[in-house]
Amino acid sequence: MNRKSDFSKTFIFSVFISVFLLTAGFAPGLYAQGKGKRKNVRNARSATLPADYRSKNFLIHTDLSSAEAKDLLDRLEKMLVIISTYWGSPNRKVIECYVVKDIANWPPGSLHPVGMQSVANGGGVTMGRTSYRGKQLIAATAIVYATADRGTPQHEAVHAYCTQNFGRNGPVWYSEGMAEMGHNWKVLPKKGQPLAVDCPEYVVRYIKSSEPQSLNTIVNARSMTGDSWQNYSWRWALCHLLATNPNYSARFRPLGLGLLMKKPVSFNQTYGSMAREISFEYLFFLKHFDQGYRCDLCQWDWKTKFRKPNSVRPLSSKIEANQGWQASRVVVEKGKEYQFSTEGEWKTDSEAEPTTAKGADGGKGALMGVVLFENEDDEYRLSEAFELGESGGFQAPASGKLFLRGKDAWHELADNSGKIVVKIKE
């Protein structure tokens, strides 16, 4: 398309395709006949099921029942509050959606061919048109076509919101990862109330049973939108980690806004100095992934200084029951013997009886240790975890930094309470 001297007449078209349950996307299409298409739908509605339903920020054309449509509108509005608050940009324009429960209910010509193809294959597509004057966004319109299930309308509505408010969705890893974040968010994130993992069970099963994609593959591979729900899962997991882990969350929102506004920012520029730590925490997150997992409670301490203990003055640390591996402040040497003692009690859930570092029957609540070290490729690795208990001695399984925690399921830490003081010496 040739650029005209009058920038207000310059249009840039883009299509954001996100296809759930597909292993390949399809060619982008243009929404050039919006008004005519809507007129055709209205003329056919007197004899067919699809109807219009409206809320403050959404207009949906759907063959859902009235009750189902109103429930969907309620979920879309709640999601919009969350994402617009997160990005700090109120929605500027009503988001129009075609939500299809049964494609047989829709008369020929009532759906755009690209939208119909996407829905027929069990997915969704957001078709956007943007107008710029130079680098300034003048106008933007996005229309959603989505199957009614698996959170597809919410996912696509995130794309539509970004298109209409920012003019773009960012690179694929961010665009699709945050669209999945949008439809998985159930409550408004608040300071001091980070988000736990809350996603469809099929995603949990997939991530727990699959070899994870590497950080480099997710961020730097030349991937296309709409490739597969499996790839969406990895992108979402990375975005969830970066958005909810205090080690990285402060940089993540500015990075995302920069990507949406096409500023000179990138993942590598933002996190290049933290690449090893993010890669380690990302793989650790996936290894222990489950509903309820809290990245903020399981963050790794990269700042505490560690040193070797001596036989005269032990090194002391406070280990919280409701957190993951925590710094002992002790550097250990492989094969060397160390002595330790503990004070205090903790609980592994709100109804449990308090226990010392010895733990309850079955070992729940027992003090555990693990050694963090770097391999020959300068990558972070962990030794096998080992049980310490209330007091005694242990032999270091590797040379590195000793981390401690109370034994409990990784996704069940939030209701734990109490702390143990641990003292370690040679």
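Trp-87 touches Val-158, Tyr-161, Cys-162, Phe-166, Tyr-174, Met-178, Arg-253, Leu-257 and Leu-260, leaving aside residues up to four places away in sequence; a contact here means heavy atoms within 4.5 Å. This is a predicted model, in which local features need pLDDT of at least 70 and side-chain atom pairs count only at pLDDT 80 or more, while totals for chains, interfaces and linings use all residues. Residues are numbered from 1 along each chain as its sequence is written, and side-chain values use heavy atoms, with hydrogens and water left out.

Trp-87 belongs to the largest nonpolar core, which has 82 residues; Trp-87, Trp-173 and Phe-252 touch the most other members. A nonpolar core is a set of buried Ala, Val, Leu, Ile, Met, Phe, Trp, Tyr and Cys residues joined through side-chain atoms within 4.5 Å. Buried means under 20% relative accessible area, exposed means over 50%, and partly exposed lies in between (1.4 Å probe, protein chains only). Helix H2 (residues 66-87) gives this core its largest share, 10 residues. Apart from this core lies another, of 21 residues, including Val-330, Trp-346, Val-371 and Ile-420.

The protein chain as a whole has 11 helices and 16 strands. These are DSSP runs numbered from the N terminus (helices: H or I, at least four residues; strands: E, at least two). Of the 426 residues in the chain, 51% count as buried.

Helix H9 (residues 249-260) has 12 residues and should span 16 Å at 1.5 Å a residue; its end C-alpha atoms are 17 Å apart, which agrees. The expected span is 1.5 Å times one less than the number of residues. Which residues of H9 are buried? They are Phe-252, Leu-255, Gly-256, Leu-257, Gly-258, Leu-259 and Leu-260. Their cover includes H2, helix H4 (152-166), helix H5 (172-184), H8 and helix H10 (267-271). After H9 comes Lys-262, with a positive phi near 55 degrees.

Helix H8 (residues 229-244) contains Ser-233. This serine is buried, at a relative accessible area of 2%. Ser-233 touches Val-203, Tyr-206 and Ile-207, again not counting residues up to four places away in sequence.

Among the strands is E8 (residues 326-332), where five of the seven residues are buried, so E8 is largely enclosed by the rest of the structure. E8 runs antiparallel to strand E15 (residues 400-406), and four bridges join them. Two strands pair if DSSP finds at least two bridges between them.

The model has 10 salt bridges, each being a side-chain nitrogen of Lys or Arg within 4 Å of a carboxyl oxygen of Asp or Glu. In one of them, Arg-75 meets Asp-71, with the closest N and O atoms 3.0 Å apart. Both residues lie in helix H2, four residues apart, about one turn of the helix. An α-helix has 3.6 residues a turn, so residues three or four places apart point the same way. Arg-75 is partly exposed at 36% relative accessible area, and Asp-71 is partly exposed at 40%.

Another salt bridge joins Glu-374 and Arg-276, with the closest N and O atoms 3.2 Å apart. Glu-374 is in strand E11 (residues 367-374) and Arg-276 is in helix H11 (residues 275-287), so the pair ties together parts that are 98 residues apart in sequence.
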